[in-house]
Amino acid sequence: MSEVKNPAIVYISPAELVIHPKLIEIYGENEERPALEKSISERGIIESLKVSARTGVNVVLAGKCRLQIARKLLISSVKVEFVESGSPEEDLKLVLDFNLHREGGKTHYQKFHQGQYWESVLRPQAKERQRESARRLNESKCSNLNHSINESTSQLKKGKPVIQEVSENLNISVGSYHKGKKVFELISQLREMGKFKAVVALEMEFNRSIDAAYKFVCNQDICYQVIDLLEADEIGSIGDGIAWMLNGDKQSFNPSGYRNPFRRFQLDQVYQFKKRLRPELEIVGRVIGITNEFVVFGLRNLGNMSLEIVNLRPRQIDAELQDEPSASQRKRIFHLMQKFSDVFPVQVSLAELLKLPNLTDKEEVLLRMYESDVFEKTWEDYKTQMKAMEVSTNRKKDKICAA
């Protein structure tokens, strides 16, 4: 394959360019590159797009994001450098070569997509080197040269192991590459099977952590059940699925074998526990949050009457749902939050009250104070004074400017 020939820069319309399908396969249809977009909007496209016209169509081999941003910004012409290629295989190799050290970073999935290609290129070359080494070694055995076979063998060993060379190209360790290959292979299998929801979720987990995705894939007792849950739209991520499986209870009537242990909990519900979680905590708590792993309860500390936050896994919750004990008070709190939406300290205190399972007499007094004409009149007087001060300050500024 020839290198770039006649690197003269030309400018052509973005409408005359098409993107090589491999770039879309690896990097996706659209990428978010705000820094690059800002740079192009301010300075234009600095580095030229690499383009092949081998088939009579201008195919972009490097510069997918730059082209897409140019189209978005309605740029009339882009900087292009044509490269020579004699076959689709050479086009593909140029795509990988040009994008090996692509700016903006690559996800793990994108790296292993490239790794798959590099293996397909390097393995035949490695086998050819082995055959050549064997041939030369046999020749050396039959020759009358005065040196040992060991010396001949050491001279004939050339080139790095394929996995090492690929992992160095991708800038990851050999160990991580071995782990990542297993994850990438499962993603490819799921794609072939049409399990696209699982593909998206596993790809996200893979990009977050190679090790975490590898451990998930290796735990087949959980892995394939989570994949089924993803495809059934019961969960939205690998993390949700793992939490579900760890906290789930067997249900014979459910085809998947498990039901969502979080499903019975809703925000703001109040539960009475069969036993106190700690001696100083009230026996009732309010659900104030639900995460991938925990149900978050707000309970009152009876020692200092403050709010305490407790995270519990569903299987740890031995409690019964109660009727709302503070319905009328909560309605008043929401009304006050709307009324004093521009008073941050009031908003904070009211929001904290909503996290408690019920209110004390002192907290009821606080509510009545916020509701009283005295507090409202004090607040209105304060706002009037602040507005008068702003007007006075602005007049002084105007006088200074006029002087």
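How many salt bridges does a search of the whole structure find? The search finds 18, a salt bridge being a side-chain nitrogen of Lys or Arg within 4 Å of a carboxyl oxygen of Asp or Glu.

Ground rules first. This is a predicted model: local features need pLDDT of at least 70, side-chain atom pairs count only at pLDDT 80 or more, and totals for chains, interfaces and linings use all residues. Residues are numbered from 1 along each chain as its sequence is written, and side-chain values use heavy atoms, with hydrogens and water left out.

E37 and K72 form a salt bridge, 3.2 Å from N to O. E37 is in helix α2 (residues 34-43) and K72 in helix α3 (residues 64-72), so the bridge ties together parts 35 residues apart in sequence. Helices here are DSSP runs of H or I, at least four residues, and strands are E runs of at least two, numbered from the N terminus.

Next, E203 and R191 meet at 3.8 Å, N to O. E203 sits in α9 (residues 196-208) and R191 in α8 (residues 174-192), so this pair joins parts twelve residues apart in sequence.

Third, R330 bridges to D268, with the closest N and O atoms 3.2 Å apart. R330 is in helix α13 (residues 327-339), D268 in the loop between α12 (238-247) and β6 (270-273), so the linked parts are 62 residues apart in sequence. R330 is buried at 9% relative accessibility, while D268 is partly exposed at 37%. Buried is under 20% relative accessible area, exposed over 50%, partly exposed in between, using a 1.4 Å probe and protein chains only.

One network: salt bridges link R332, E364, R368 and E371.
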